Amino acid sequence: GIEHMARLRDRVGRPCFVAHPLRGRVNYYVGRTGPGPKHPERPPRRPLDGYAHPLAHVEKLFGMCLRGFARASAEYDVPLEINESSWGRILGQNQEWFAERYLFFFRTLLEMGAEVVLGSDQHNPENGACTPFAVAGMLGVTPRDMKFLRHWL
């Protein structure tokens, strides 16, 4: 999919990125809406330091090979979005166990050469949404790290 995105980007001359790559996992494990009797969707897991192989655990939990995902992102110059709405769902459900894995996911991909962009899920002007600067800060990402911004500079 990332290769096809890069081909489209090159054909139309517009940048692209993988929008909220973990939304399906957030919805599955945490839920789609605010707190309630059916939330969170799944029981919490123990902290990552309790796993002999945290990378293998996160890959299994998220159903993907992080090394391959990072390689494709870097090779085709297609960044991954850190999405404020996904992060908000995690925090809104008080799912620290998932927040730890979410940050591990992005930290690992960044270490493997992938790049990120920050997105808010702001689909209309009436319901404004923040950009995930706090998540970027926790990951050590600055605007200079986002080559994606070169399209506007």
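Author: Cys 16 has 15% relative accessibility, so Cys 16 counts as buried. Buried means under 20% relative accessible area, exposed over 50%, and partly exposed in between, with a 1.4 Å probe and protein chains only. This is a predicted model, where local features need pLDDT of at least 70, side-chain atom pairs count only at pLDDT 80 or more, and totals for chains, interfaces and linings use all residues. Residues are numbered from 1 along each chain as its sequence is written, and side-chain values use heavy atoms, with hydrogens and water left out.

Reader: And Cys 65, what does that count as?

Author: Cys 65 counts as partly exposed, because its relative accessibility is 46%.

Reader: OK, how many disulfides does the count come to?

Author: The count is 0 disulfides, taking a disulfide as a pair of cysteine sulfur atoms within 2.5 Å.

Reader: Switching to helices. Which residues of H1 are buried?

Author: In H1, residues 2-12, the buried ones are Ile 2, Ala 6 and Arg 9. Down the axis of H1 they fall within an arc of 60 degrees, so they line one face of the helix. That arc is taken from the directions from the helix axis to the C-beta atoms. Helices here are DSSP runs (H or I, at least four residues; strands are E, at least two), numbered from the N terminus.

Reader: Now H3 and H6. How do their axes cross?

Author: The axes of H3 (residues 54-62) and H6 (residues 96-111) come within 11 Å and cross at roughly 105 degrees. That makes H3 roughly perpendicular to H6. The axes are lines fitted to C-alpha atoms, for helices over the stretch in contact, with angles from 0 to 180 degrees between N-to-C directions. Under 35 degrees counts as roughly parallel, over 145 as roughly antiparallel, 65 to 115 as roughly perpendicular, and the rest as oblique.

Reader: Which residues meet there?

Author: From H3, they include Leu 55, Val 58 and Phe 62, and the H6 residues they meet include Trp 97, Phe 98 and Phe 105. The residues of this contact divide into 10 nonpolar, 2 polar and 1 charged. Nonpolar covers Ala, Val, Leu, Ile, Met, Phe, Trp, Tyr, Cys and Pro; charged covers Asp, Glu, Lys and Arg; the others, Gly among them, are polar.

Reader: What else do the buried residues of H3 pack against?

Author: Besides H6, they pack against H2 and H4. Glu 59 is one of the buried residues of H3.

Reader: Last topic, Arg 23: buried or exposed?

Author: Arg 23 is buried, since its relative accessibility is 13%. Arg 23 sits in H2 (residues 23-29). Not counting residues up to four places away in sequence, Arg 23 touches Asn 83, Ser 85, Ser 86, Arg 89 and Asp 121.

Conventions. Contact = heavy atoms within 4.5 Å.
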